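Below is a set of questions on how labels are assigned in one protein model. Each reply sets a value against its cut-off.

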Amino acid sequence: MSSRSRISTELAGVDLANLSEKEAGKIFLEILNNGIHGISFSAYLENQAPGSQISEEQVQKRMDVIQPYVQWVRSFSCTEGNEHIPRIAHKCGLKTLVGAWLGTDAQKNENEIRGVIEAGKAGYADIIAVGNEVLLRGDLSEDQIIEFMLKVKRELPHIPVGYVDAYYEFTVNPKITEICDVILANCYPFWEGISIEHSLLYLKEMYHRASKAGKGKKVIISETGWPNLGSPEKNAIPSYKNAIQYFINAYQWAMEEDIEIFYFASFDETWKIDAEGDVGAYWGLWDKDRNLKYGN
C-alpha cells in the first residue's frame with residue numbers, strides 16, 4: 001500500500017471535529033511530510049508588496065523551506081523579481097505553474113506576457129496561467145484575456161496554457177473555458193462564508209461545477225485554503241483548529257479522488273491586509289518568518 005493510500009485509509013471514519021488540536025496537528029504533519037501536490041508561493045517579505053523588487057536570495061530561502069513537502073510551485077507574476085521563482089523551483093527539482101499577472105496597466109501586461117514566454121522558452125514552466133481572477137476583478141474582458149492566451153500559445157505550443165479564476169467564472173465565460181488547455185479553478189468555501197462543518201462538501205461542489213464547465217478538460221484547484229487568524233466571513237471562522245481541519249479534509253479528498261490542489265498559501269503575507277482585511281495576512285502554512293504554524 002502506498003503512503004498516500006495508507007494515510008487515506010487511516011483517516012477514513014475519523015471525526016476531525018472532535019480531535020484535540022494536538023491530535024489534528026499530528027495528522028496535518030503526516031500529510032505534509034508525505035508530500036502535497038502543490039502550493040501557491042508567497043514571495044513578499046514583511047516590508048514588501050506587489051511593486052517591490054524580489055531578490056533571488058529571498059526566493060531561494062523560501063523555496064528551501066517548502067521544497068521537501070511539495071511537488072509543484074505556483075507563481076503569480078513574471079516581473080519585479082518573480083521571474084526568479086520558476087527557475088529556482090526547477091533547480092530545486094520542483095515543477096511549476098507559472099503565472100502572468102494581468103490587470104488594467106497595458107504596459108505591465110505586455111511585460112508579464114513577455115516574461116512568461118521567456119520562462120517557457122527557458123524550460124522553467126510546466127503549465128502557464130495567463131491571468132489570475134482578472135474577470136472577477138473586472139480588469140479586462142474575456143476577449144482581451146483570450147488574445148493574451150493565444151499569444152502565449154503561439155509562442156509555446158508545447159506547454160499547457162490555462163487561466164485562473166473563481167470556479168464559477170468558467171461557467172459564465174464559455175469562450176475562455178474553451179481555449180484553456182487546463183481549467184485552473186480557485187475554490188474558497190471560506191470567502192463564501194461556509195462553516196468549517198460544510199466546507200468540504202462545498203469544496204467538492206465548486207470543483208464539480210468547474211469540471212462540468214470544462215466538459216472533460218482537466219481541472220486543477222489552483223487555490224484553496226483556510227486562515228488561522230482574523231475576522232470571520234459570515235459562518236466561516238478563522239482558527240488554528242479550523243485551518244488544520246480544512247487542510248486535512250481537502251487532502252483526504254484529494255488523495256481519494258486524485259485531485260490536484262495548489263494550497264494557498266506557503267507563507268503569511270502582511271500586505272494582503274489592505275485588500276482582504278485582517279484575515280488576509282494569515283493564510284500561510286508557514287508564518288512570515290518561515291516557521292511552520294501547525295502541528296508543532
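Q: How many aromatic pairs does the count come to by this rule?
A: In this predicted model, the count comes to 21 aromatic pairs. The rule is that ring centres lie within 6.5 Å.

Q: What makes the aromatic pair of Phe-190 and Trp-226 edge-to-face?
A: The centres of Phe-190 and Trp-226 are 5.2 Å apart and the planes stand at 80°. Planes over 60 degrees apart count as edge-to-face, so the label follows.

Q: Which parts of the chain does this pair link?
A: Phe-190 is in the loop between β6 (182–186) and α10 (196–214), while Trp-226 is in the loop between β7 (219–224) and α11 (240–257). The two residues are 36 residues apart.

Q: Why does Phe-190 count as buried?
A: Buried means under 20% relative accessible area. Phe-190 has 0% relative accessibility, so it counts as buried. Trp-226 has 1%, so Trp-226 counts as buried too.

Q: Why is the pair of Phe-267 and Trp-286 called tilted?
A: The ring centres of Phe-267 and Trp-286 lie 5.8 Å apart, with the planes at 40°. Stacked needs planes under 30 degrees apart and edge-to-face needs over 60, so what remains is tilted. Phe-267 lies in the loop between β8 (261–263) and α12 (273–276), and Trp-286 in the segment after α12, 19 residues apart. Both residues are buried.

Q: How do you know that the charged end of Arg-62 sits over the ring of Phe-267?
A: The charged end of Arg-62 is 4.5 Å from the centre of the Phe-267 ring. The distance cut-off is within 6 Å, together with a position within 35 degrees of the ring normal. The charged end of Arg-62 is assigned as sitting over the ring.

Q: Why does Asn-242 count as buried?
A: Asn-242, in helix α11, has 13% relative accessibility, so it counts as buried. Residues that Asn-242 touches include Ile-196 and Trp-226. Asn-242 and Ile-196 are 46 residues apart in sequence, yet 6.4 Å apart in space, C-alpha to C-alpha.

Q: Why is strand β5 described as largely enclosed by the rest of the structure?
A: Six of the six residues of β5 (residues 161–166) are buried, so the description holds.

Q: What makes β4 and β5 a pair of strands?
A: Three bridges join β4 (residues 127–132) to β5 in the parallel sense, and at least two are needed.

Definitions and conventions:
Residues are numbered from 1 along each chain as its sequence is written. This is a predicted model: local features need pLDDT of at least 70, side-chain atom pairs count only at pLDDT 80 or more; totals for chains, interfaces and linings use all residues. Side-chain values use heavy atoms; hydrogens and water are left out. Rings of Phe, Tyr and Trp (its six-membered ring) pair if their centres lie within 6.5 Å; planes under 30 degrees apart count as stacked, over 60 as edge-to-face and the rest as tilted. Helices (H or I, at least four residues) and strands (E, at least two) are DSSP runs, numbered from the N terminus. Buried means under 20% relative accessible area, exposed over 50%, partly exposed in between (1.4 Å probe, protein chains only). Contact means heavy atoms within 4.5 Å. Lists of a residue's contacts leave out its neighbours within four places in sequence.
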